[in-house]
Amino acid sequence: MTSPADQIRTLRAQSNAAIAARDADGVTALMSDTVSVAVAGGPVLRGREANRAAFAEQMADPAFRGYVRTPATIEVAADGRHASEQGRWEGRWQTRAGPLVQRGAYEATWELTPLGWRLAAEQYRPGT
């Protein structure tokens, strides 16, 4: 049986693949209905639909080249129903002036639901 941390790593890889495929529904399928996402240097998006709309808008931008989130640590709570993920993120755009890369750190909270692990919250911080 796959460990909860490995399951979450697999889901993160699926989310990264959905972003690369410009599939906003695929990205947000892994989110809880009440997810809260604090965008680096931007707003807090509350709810799966608000996040889907934000991804769809960004994915419609031809300059957008995607995000990759790379987990560094995943810790599962003693109750086995909650987990914390920390890692690094990178976003890429192709502008007229050339490639633009933004990156930083992130933290995510996961909850085990009847549908499997779902993102409850994410916080992205800008950095180097």
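The structure is a predicted model, in which local features need pLDDT of at least 70 and side-chain atom pairs count only at pLDDT 80 or more, whereas totals for chains, interfaces and linings use all residues. Residues are numbered from 1 along each chain as its sequence is written, and side-chain values use heavy atoms, with hydrogens and water left out. The chain contains 3 helices and 6 strands; helices (H or I, at least four residues) and strands (E, at least two) are DSSP runs, numbered from the N terminus. Their order along the sequence is α-α-β-β-α-β-β-β-β.

**Overall dimensions and burial**

- The radius of gyration of the chain is 14 Å, which agrees with the value near 14 Å for a compact globule of 128 residues; the radius is taken over C-alpha atoms, and the globule rule is 2.2 Å times the number of residues to the power 0.38.
- Along the principal axes, the C-alpha atoms fill a box of roughly 50 × 30 × 25 Å.
- Of the 128 residues, 38% count as buried (buried means under 20% relative accessible area, exposed over 50%, partly exposed in between, with a 1.4 Å probe and protein chains only).
- The chain exposes about 7,100 Å², of which carbon and sulfur atoms supply 54%; accessible areas come from the Shrake-Rupley method with a 1.4 Å probe, and for residues only the protein chains shown count as cover.
- Among contacts between residues at least 6 apart in sequence, 52% join residues at least 24 apart (contact means heavy atoms within 4.5 Å).

- The 6 strands form an open sheet of mixed pairing, in the order 2-1-6-5-4-3; two strands pair if DSSP finds at least two bridges between them.
- Strand 2 (44-46) and strand 3 (64-76) stand at the edges with a single partner strand each, so one side of each has no neighbour in the sheet.
- From one strand to the next, the twist averages 20° (axes are lines fitted to C-alpha atoms, for helices over the stretch in contact, and angles run from 0 to 180 degrees between N-to-C directions).
- Strand 1 (residues 31-38) runs parallel to strand 6 (residues 116-127), and 4 bridges join them; Val37 has Glu122 of strand 6 as its bridge partner.
- Strand 1 also pairs with strand 2, in the antiparallel sense and over 3 bridges; here Ser36 stands opposite Arg46.
- The hairpin of strand 1 and strand 2 has 5 residues between the strands, and Gly41 in the turn has a positive phi of about 70°.
- Strand 1 is mostly covered, with 6 of its 8 residues buried.
- Strand 5 (residues 98-113) and strand 6 are antiparallel and joined by 11 bridges, including those from Ala105 to Arg125 and from Thr113 to Gly116.
- A hairpin through 2 residues connects strand 5 to strand 6.

**Helices against the sheet**

- Helix 1 (residues 4-20) lies across strand 3, strand 4 (82-95), strand 5 and strand 6, and runs at about 175° to strand 3.
- Helix 3 (residues 48-59) packs on the sheet and touches strand 1, strand 2, strand 3 and strand 4; its direction makes about 60° with that of strand 1.

**Asn51**

- Asn51 belongs to helix 3 and counts as buried because its relative accessibility is 2%.
- Beyond its neighbours within four places in sequence, Asn51 is in contact with Thr28, Met31, Val35, Val37, Leu45 and Arg46.

- Tyr106 lies in strand 5 and, at 1% relative accessibility, counts as buried.
- Not counting residues up to four places away in sequence, the residues that Tyr106 touches include Arg12, Arg69, Glu85, Arg88, Trp89 and Tyr124.
- Tyr106 and Arg88 are 18 residues apart along the chain, and their C-alpha atoms are separated by 5.8 Å.
- Ring pairs link Tyr106 into a cluster with Phe64, Tyr67, Trp89, Trp93 and Tyr124.
- The whole structure holds 6 aromatic pairs; rings of Phe, Tyr and Trp (its six-membered ring) pair if their centres lie within 6.5 Å, and planes under 30 degrees apart count as stacked, over 60 as edge-to-face and the rest as tilted.
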